[in-house]
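This report covers the ligand site and a few backbone and side-chain features of one model. It begins with a single residue and then turns to the ligand.

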Amino acid sequence: MAEEAILRYLEKNEQISDSGNFAAELGLDHNDVVNAIKSLHGFRYVDAQDIKRETWVLTDEGRKYAAEGSPEVQLFLAVPLEGSIPKDELQKKLAPAVFKIGCSQAGKNRWVEMGKQISRKVQHVEDKVKDLLLWVQDGHAIEKDDINSLKARKLIVQQTWKGYSVSKGPNYAPKRKKVATDLTRENLQSVNMASLFTVLVMVVLFAFHDPMVWLLILQMIFYSGVGDWKELEFKEYNFNAKGQPAEGGHLHPLLKVRKQLKDIFLQMGFEEMPTNNFVESSFWNFDVLFQPQQHPARDSHDTFFLEEPSTTRELPEAYVELVKRVHESGGYGSRGYGYDWKREEANKNLLRTHTTAVSSRMLKALAEKPFAPKKYFSIDRVFRNEAVDRTHLAEFHQIEGLVCDRGLTLGDLIGVLHDFFARLGMSKLRFKPAYNPYTEPSMEIFSYHEGLGKWVEIGNSGMFRPEMLLPMGFPEDVRVIAWGLSLERPTMILYGIDNIRDLFGHKVDLGLIKRNPICRLGMD
Ligand code: PHE
């Protein structure tokens, strides 16, 4: 509609000097006219120049007074022609804002005598404010002084009006042609009417037995081709168009950091352990790790035990016997814990509380073969019965690395940790003695966080105890150094997230996952 009007107008006129006036004259909506100009301009039917005008429009308050009259006139009209009215009575007659503004304006204009009693000083007033507002509302210009006073009373505000002047463009035509955007199968298949006609003529000639016609027919078919694609006019490419945002999958920050860590382990020559069993028996999660059965972590307040199936079906009996013995009475130079080890406790199924459960299974399998050194890692989910807060969830991911070789020392552990964390961008490390039932010595790992300006705890580590390794069947001089950390902690630091619930779980904003950068380098 607007498009046709523009093209038709330009057929007889040089230009449309102002799209606003053009729209008003034809009774069209200016927005429709602007959209039509933009589209025609895109196909170069028209050239368009921006025009801007500063105009004044009424505020909500201005619009109200334009309809109901200014407060000062409303107040004046509420004062009786003769005599006076008590101030509080007048106040009751008017809206609070109208009374307040009306008093001050009518007083200033010397229309009324203000006091406890209010009376008229003049007999007749004109509502100039209302008239000016109506005038502005209709799009007329008003005097500078009037603009200033209405502006000061916040009854009008300035608005920039944008429109176009339009003239014929290089592709101008009085009617818009429909251009093709795609070459379709139908375009190629449909028969070109001209060539069809020629071929028909040939067939008629053939009927008169002219043998040359055969050749002509073949030639015609070959050269004329078929299809209406020959007549199609194609839309030009718009190389400035932004294109659709790519809506593929988006990797969650945890997955990106996991990939970074996995690459680090692989570069350091570590093999990944199979972690696809969230359900584990207490035996592999705790007992094998020389964690006594009374240890508080084995309480249902800390660990999720399974109701169904509540116990494991099988355990390696000979090995169970060795584990039982080391708990009860020690051996291998240890005194053990000296308590009655219970098989029922070891049988209980749980959601694994650490990936060290996986490490213990892998180490046991390794100990059964002729000894060869190994470097293993895993990154997967673990579960703890925790109160959920800003930094804790009942499930999270652990990163675990271990090195198994003859004669390893605490110095080797410290060296490997420096190498590993430096690759993550954390080169300032400190270690603090700690306690784990399954490692001795044990160390908490701290890293200096440049951004926070302080040391933050980033992991836990140690050398697995002989009470764990020797019952498995490792030669006596084999040592295992190991460390573990959460995947969430470094991810939150790298991506600047301070509430774990914004990172993981049902409250996560999908927008965050779509927007976050492909990778982050460095921990600061
Ligand atoms: N399993 C420990 C934890 O859950 C981490 C750890 C792994 C500690 C290996 C020492 C050795 O925190």
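Thr-59 is located in the loop that runs between strand S2 and helix H4 (60-68). The structure is a predicted model. Thr-59 counts as buried because its relative accessible area is 18%, and the cut-off for buried is under 20%. The side chain of Thr-59 makes a polar contact with the backbone oxygen of Lys-154, at 2.9 Å.

In total, 14 residues surround the ligand, and the closest are His-354, Thr-356, Arg-384, Gln-398 and Tyr-438. Sorted by class, the shell holds three nonpolar, nine polar and two charged residues.

Which side chains of the shell have an N or O atom within polar-contact distance of the ligand? Arg-384, Gln-398 and Tyr-438 are among them.

| Residue | Ligand atom | Distance |
|---|---|---|
| Arg-384 side chain | oxygen | 2.9 Å |
| Gln-398 side chain | oxygen | 2.8 Å |
| Tyr-438 side chain | nitrogen | 2.9 Å |

How much of the ligand's area does the protein bury? Taken alone, the ligand exposes 320 Å², and the protein buries 91% of that area.

## Cis peptide bonds

The bond between Glu-308 and Pro-309 is cis, with omega at about -5°. Pro-309 belongs to the loop between helix H14 (282-285) and helix H15 (317-328). Glu-440 and Pro-441 are also joined by a cis peptide bond, with omega at about -5°. Where is Pro-441 found? Pro-441 is part of strand S13, which covers residues 439-449.

Arg-44 is a residue other than glycine, yet its phi is positive, near 60°. Arg-44 sits in the loop connecting helix H3 (30-42) and strand S2 (46-58). Is Arg-44 buried, exposed or partly exposed? Its relative accessibility is 43%, so Arg-44 counts as partly exposed.

Tyr-332, which is not a glycine either, has a positive phi of about 50°. The loop that holds Tyr-332 lies between helix H15 and helix H16 (343-347). With a relative accessible area of 41%, Tyr-332 is partly exposed, because that value falls between the limits of 20% and 50%.

Lys-259 is a residue of helix H13, which spans residues 253-267. At 48% relative accessibility, Lys-259 is classed as partly exposed, since the exposed class requires over 50%. How far apart are Lys-259 and Ser-84 in sequence and in space? They are separated by 175 residues in sequence, and their C-alpha atoms are 86 Å apart.

Terms used
Residues numbered from 1 in each chain as written. Predicted model: local features only at pLDDT ≥ 70, side-chain atom pairs only at ≥ 80, totals over all residues. Heavy atoms only, no water. Helix = DSSP H or I, 4+ residues; strand = E, 2+ residues; numbered from the N terminus. Buried < 20%, exposed > 50% of the residue type's maximum accessible area, 1.4 Å probe, protein only. Near = heavy atom within 4 Å. Polar contact = N/O pair within 3.5 Å; in protein donor to acceptor, adjacent residues only side chain to side chain. Areas by Shrake-Rupley, 256 points an atom, 1.4 Å probe, with all protein chains shown as cover. Nonpolar A, V, L, I, M, F, W, Y, C, P; charged D, E, K, R; others polar.
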